[in-house]
Amino acid sequence: MQVTEIGVVRSNYVEHRLAPQQAALNPDETAWVEMVPSFADGLRALDGFDYVWLITWLGDDAVRTMGPLLEVPHLVAHLGLEVGTFATRGPFRPTPIGLHLVRGMPIEALRLTFRGVDIIDGTPVLDVKPYVKEFDRPVDADTLSGWYGRVDFDSVIKRRGILS
């Protein structure tokens, strides 16, 4: 399997423990992808999309790639709910691939600026894809979100200082 780095994230976060856990929990902060020059043409017409998916390589220091496949997510630790790795959005994964939905901003030469930062400075970017609501948003508005439906997100956001 071959994986190609097309760019690198430049953000204010250098430690994993200080970075927001999801882009949606940090919607206003900006960062950018510094593109490898040979891939810059691939950004053409991307500025017509409000949101983009960033696919990143989180690396072995950011994720646990070995170990148990069951965990108790901290968001519902008070419920004692044990779930499988693939039922989480957390970093405990067999392969350190990151998926981030971020708000795109103006593109300048080799720089794709975005809002909604949950990525550590220096993180390799493997791909950028436009968010297309007709493809990416479920048609059924009542789509289930599994155990995440039991999380009090307002409390999480307030605890992280995003809302006053």
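How many aromatic pairs does the structure hold? The count comes to two aromatic pairs, where rings of Phe, Tyr and Trp (its six-membered ring) pair if their centres lie within 6.5 Å, and planes under 30 degrees apart count as stacked, over 60 as edge-to-face and the rest as tilted. The model is predicted, with local features needing pLDDT of at least 70 and side-chain atom pairs counting only at pLDDT 80 or more, while totals for chains, interfaces and linings use all residues. Residues are numbered from 1 along each chain as its sequence is written, and side-chain values use heavy atoms, with hydrogens and water left out.

A pair of aromatic rings is described by the distance of the centres and the angle of the planes. The rings of Tyr51 and Tyr131 have centres 6.2 Å apart and planes at 70°, so this pair is edge-to-face. Tyr51 belongs to strand E3 (residues 51-57) and Tyr131 to the loop between strand E8 (124-130) and helix H1 (133-136), and the pair links distant parts of the chain, 80 residues apart. Helices (H or I, at least four residues) and strands (E, at least two) are DSSP runs, numbered from the N terminus. Tyr131 is partly exposed at 21% relative accessibility; here buried means under 20% relative accessible area, exposed over 50%, and partly exposed in between (1.4 Å probe, protein chains only). The rings of Trp53 and Tyr131 also have their centres 6.2 Å apart, but with planes at 50°, so that pair is tilted.

Next comes strand E2. In a regular strand the side chains alternate between the two faces of the sheet. The covered face of E2 (residues 30-35) carries Ala31, Val33 and Met35, and the uncovered face carries Thr30, Trp32 and Glu34. Two strands pair if DSSP finds at least two bridges between them. Strand E1 (residues 7-10) pairs with E2 in the antiparallel sense over four bridges, and E2 pairs with strand E7 (residues 111-115), again antiparallel, over five bridges. Glu34 stands opposite Val8 and has Arg111 in E7 as a bridge partner. Arg111 also lies over the face of Trp32, at 3.9 Å from the ring centre; a charge sits over a ring if NZ of Lys or CZ of Arg is within 6 Å of the ring centre and within 35 degrees of the ring normal.

Side chains of opposite charge can pair when their charged atoms come close. Three salt bridges are found in the whole structure, each a side-chain nitrogen of Lys or Arg within 4 Å of a carboxyl oxygen of Asp or Glu. Arg10 meets Glu34 at 3.7 Å, N to O, and this pair links strand E1 to strand E2 across 24 residues. Arg10 also meets Asp121 at 3.5 Å, N to O. Asp121 lies in the loop between E7 and E8 and Arg10 in strand E1, so the pair ties together parts that are 111 residues apart in sequence. Arg10, Glu34 and Asp121 are therefore linked in a network of salt bridges. Another salt bridge joins Lys129 and Asp127 at 3.2 Å, N to O; Lys129 has a relative accessible area of 39% and Asp127 one of 28%.
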